[in-house]
Amino acid sequence: MLLRTFTETIYLFSIILFIIGLKFMNQPERARRGNLISGLGMLLATVGTLIDPRIKNLGWIFSAVIVGSVIGILSAKRVKISSIPSMVSFFNFVGAVSVLTISISGFVNLPILKEKSLFASISIFIIINLLISTVTISGSLVSLLKLQGFFREKWLEIPLQKFFHGFILLSFLILSFFILLKSEPDLYLFLLLSLLSFLYGILFSLPASGSQVILLLSFLNSLNGVSASLIGLIYENVVLISIGTLVGSSGFIFTIFMSRLKNISITSILLGNKSQVEEAKIAPSPASQEIDLTDAAILLAYARKLIIIPGFGMAFSGAGQICASLLAELEERDIEVKFALHPLAGRMPGHMNVLLADANISHEKIFDYDEIQDEFKTTDVVLVIGANDIINPIARKPIPSPLSGIQTFEIESAKTIIILKRSNGLGFSGIQNEVFGYEKTKMIYGDAKWSLVKLLSTIKDL
Amino acid sequence: MEEYLGYFLAYRYLVYIVLLSTIVGIEIISKAPAILQAPLTSGINAIHGVLILGAIIVMGNAKEDDVFSLVLGFIAVILASIHVVGGFVLTDRILFMFKKKSNKK
């Protein structure tokens, strides 16, 4: 009895710590501390659970925790900066598999659970968890692969998509109904249900274009929170219930927050919005002009005002440091240099901020969309490093496209544009960008880091 | 109908918890500045590693001879540990870089 009270008290404290921690993460100065506080809350809650006398098999639990922690620490520490969103996706995936395992276990032990629990409706919770976890599993798996460039430029179109979605959802509901009617767990039905929701997860995450993937990730985050909460309801664990709901709601608001930023509606993601892509692909491929390094170096060195636009290509190639060196060299020549950060640049909001921060590029040189938009017309050279969609003017035209409604940098008003790009390929959203064909646009193909290294040394020789 | 009202009354504390947690969640996130979006996504991801408690409970409730549940529980705990520990370390990494940046001012 005493231990049980102890556990519940610990739970109370851990919930408080979680809330404070999350609150702190809202402020840049205290964000890191906030994370530590949440972590502490997590640790406390775990200890509280282990103390509970109803928990047996401690030895096994400990070894499992240690193995998992080691794997978790290693993978989080070794990942490249540009792969951070993929890592988040991966952890989402791992968490969802965990939920699945828990659900399966719950299902198998259904009769026992039914006796112990307050609820008669546990089966509903387990089934909902099943749906959520399998959708998250396939959803985050597909997102992970997309972020790693696996599905590049290959639009996997499924005809009658909405029909399939509806069909699968309907079958799922009917089958769930049957399962609930039976008093004993039916393994085969359960497996069929799992398969169906797995398919649904693939179907609804597959059509997602570049920036939509991040939205998907955040949405799946939120779903995972809800499943944690449901598990809490099944096993009567107050931390799971409250923190799970917390994550579910904050994750959801966050997703809406981001979707408003990108002008994408959530329903269009859930149902797939392929039609927009077709129109934009009709435009012919622009003929672009390459420029050699010496000419580019001269353009850069003799500009009076320069704006640099970082993009995913810069992060992918690890060109942060070299960019900082280039910045230093240019400033020594009394050139005014500014960085224009688009909220959608990179694979994740804040991606570019992280990249530039890592290269120690001063906050004062970094400007967001509203601050810098008017300056392009007075700029001599715009240097675009591995960015594409965020400078695509099609977003501002009345043609429907994956970028419709999104604000993009109006670099067309600048005098010269130099673009560093890996290849002649399409951007993350899979559509053409007419800027590459402009008279004033000069292309430098190749890995961003390499190009910058060569550019820098050429400039130094001038 | 009466049955459902009865449910609500019996479980009202749970309803309050869920309701309050939802509101707290919404409140906390709505004040987030744009630069913190990357660490927050990662942070929220880490926090739903609270799942590990569920995994521990499942494993803890398994009877000694129930190999199936033990194995399932073992897998669940390992995965949840990867999720939670990895998530927090990753978030810390992202925030570490922010710390350097703000120190430059």
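The model is predicted, so local features need pLDDT of at least 70 and side-chain atom pairs count only at pLDDT 80 or more, while totals for chains, interfaces and linings use all residues. Residues are numbered from 1 along each chain as its sequence is written, chains are lettered from A and ligands numbered from 1 in the order in which they are written, and side-chain values use heavy atoms, with hydrogens and water left out.

Chain B contains 5 helices and 0 strands, in the order α-α-α-α-α along the sequence; helices (H or I, at least four residues) and strands (E, at least two) are DSSP runs, numbered from the N terminus. Of its 105 residues, 54% are buried, where buried means under 20% relative accessible area, exposed over 50%, and partly exposed in between (1.4 Å probe, protein chains only). Contact means heavy atoms within 4.5 Å, and among contacts in chain B between residues at least 6 apart in sequence, 63% join residues at least 24 apart. The accessible surface of chain B is about 4,700 Å², with 69% belonging to carbon and sulfur atoms; such areas come from the Shrake-Rupley method with a 1.4 Å probe, and for residues only the protein chains shown count as cover.

Helix H2 of chain B (residues 12–30) gives the largest share, 4 residues, of a nonpolar surface patch. B:Tyr16 lies in helix H2 and is partly exposed at 39% relative accessibility.

In chain A, A:Ser69 belongs to helix H3 (residues 58–78) and is buried at 15% relative accessible area. Leaving aside neighbours within four places in sequence, A:Ser69 contacts B:Ser81 and B:Val85.

Over all chains there are 5 aromatic pairs. A:Phe90 and A:Phe91 make a tilted pair, 5.8 Å centre to centre with 45° between the planes. Rings of Phe, Tyr and Trp (its six-membered ring) pair if their centres lie within 6.5 Å, with planes under 30 degrees apart stacked, over 60 edge-to-face and the rest tilted. A:Phe90 is partly exposed at 28%, whereas A:Phe91 is buried at 1%.
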